[in-house]
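Try each one before you read its solution.

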Amino acid sequence: MITLEKLTPPREGQRVEVRDGRLHVPDTPIIPFIEGDGTGPDIWRATARVLEAAVKKAYAGRRRIVWFEVFAGEKAHTRFGTWLLDDTLRAFTYYTVGIKGPLTTPIGGGFRSLNVSLRQQLDLYACVRPVRYFEGVPSPVRHPEQVDVVVFRENTEDIYVGYEFAGGSPEAKRLIEFVEREFKWKIREGAGVGLKPMSPFGTKRLVRKAIRYALDHGRRSVTLVHKGNIMKYTEGAFAAWGYEVAREEFGDRTITWAEVEKQHGGKAPPGRLLIQDYIADVTFQHLLTRPRSFDVIATGNLNGDYISDAVAAQVGGIGMAPGGNLSDFHAVFEATHGTAPKYANQDKVNPGSLILSGVMMLEHLGWREAADLIVRGMEATFRRKVMTYDLARLTEGAREVRTSEFAAAVIDAM
Ligand code: NAP
């Protein structure tokens, strides 16, 4: 049983559990959620309605989500005087799978970030961002329909670990002196300095997850994206360790590009997942000019940050891009945009990102029928050019609708 100090868990429903190395999902799972700040409540209401309708339709009442509201951000601050309630962390840990809207990042220090706390506590080592095109959605490129990629971004290492010192600080000076003395590395006076750790453990579990996903979802390839031509022992090692996982753990189901060229005349044999690697800068170019070359992408923290946003822009931008932070079983799904506070409580913004994050959550629970219904509903809604302001302003002949109307249209079209 879970013990909470300030919140009361729902009386009905059961927890999603990990037993014998597998996720066990009851028919009435308790799912903790944070509605989020700013426009969060608007898009959360729309999302919950759509998810509930899809589950009801797919399983004729046999399955149902039991929502459990937990708190972080402004609502936590107003109600409980803290930006992040301990109960919230406990609930996400205990119930295994959760979902959240965007949260305000308070200016100034002294608060714990929910995302960082959750990532550390639950070891959510993979940030997963599927990006696909919905017909009818305005896009800045000529063939957005060719974009269908899932980015697996490593979440716990790389330059993002925050091991850095400000230029001129005593710590930076000590570090600079140390590396000069020990390694004869010359660093300019006053430079800020940081460390970029990338390990075989961190890389391999991320690539393993990407390969498993690709195999489970009948994908064609996993591309390891890195900057190994310059940073050999971090970025280059990422690619080398990635290939190692593929060879050692999935050798009978994968094939590398080198093998395809040498043994199969440049054409990947059917039934084998292609493992290839690309330098990061070329990846940006090719994602634009030949997006079909990419399917599942596995990459480090910094590259992944850039790539996920860049590729999301090709299919309609941040109002539409879903995401999830995952460990082997724990998962927290979230809208990838911010709180867009100027539109708060106007029932105006696009709930697409959070709804599609909900789709990812249903897939994670193994409720694929409900997930597919939502995707079909969204496809039909966009084809009819029914869209919120952000997309309507870029689309000729669009019918602009409110957040809640968009949700209703998706439900109608399921
Ligand atoms: P933002 O909230 O993402 O908004 C920037 C602009 O993006 C909006 O003005 C709007 O563009 C567009 N936009 C965002 N969400 C949209 C949606 N659902 N539908 C349609 N358009 C949408 O970024 P921000 O203004 O830089 O950040 C605001 C707050 O959010 C900050 O406190 C920031 O720290 C926080 N934040 C939180 C998260 C998170 O919790 N994961 C992530 C990022 C930022 P137009 O003005 O063109 O209409």
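A residue counts as near a molecule if one of its heavy atoms lies within 4 Å of it. You're looking at a predicted model, where local features need pLDDT of at least 70, side-chain atom pairs count only at pLDDT 80 or more, and totals for chains, interfaces and linings use all residues. Numbering runs from 1 along each chain as its sequence is written, and side-chain values use heavy atoms, with hydrogens and water left out.

**Exercise 1.** Work out which residues are closest to the ligand.

*Solution.* Start with the count: 19 residues surround the ligand. Then pick out the closest, which are Thr105, Gly338, Ala340, Tyr343 and Tyr389.

**Exercise 2.** Find polar contacts (pairs of N or O atoms within 3.5 Å) to oxygen atoms of the ligand.

*Solution.* Take the backbone to begin with: a polar backbone atom of Ala340 sits 2.6 Å from a ligand oxygen, and a backbone N or O atom of Thr339 is 3.0 Å from one. Finally, check the cover: on its own the ligand has 880 Å² of accessible area (Shrake-Rupley, 1.4 Å probe), and the protein covers 68% of that.

**Exercise 3.** Locate the domains, then get the separation of domain 1 and domain 3.

*Solution.* Bounds come from an automatic or database assignment. That gives domain 1 (1-132 + 319-413), domain 2 (140-153 + 197-314) and domain 3 (159-195). Now take C-alpha centres: those of domain 1 and domain 3 are 41 Å apart.

Definitions and conventions
Polar contact = N/O pair within 3.5 Å; in protein donor to acceptor, adjacent residues only side chain to side chain.
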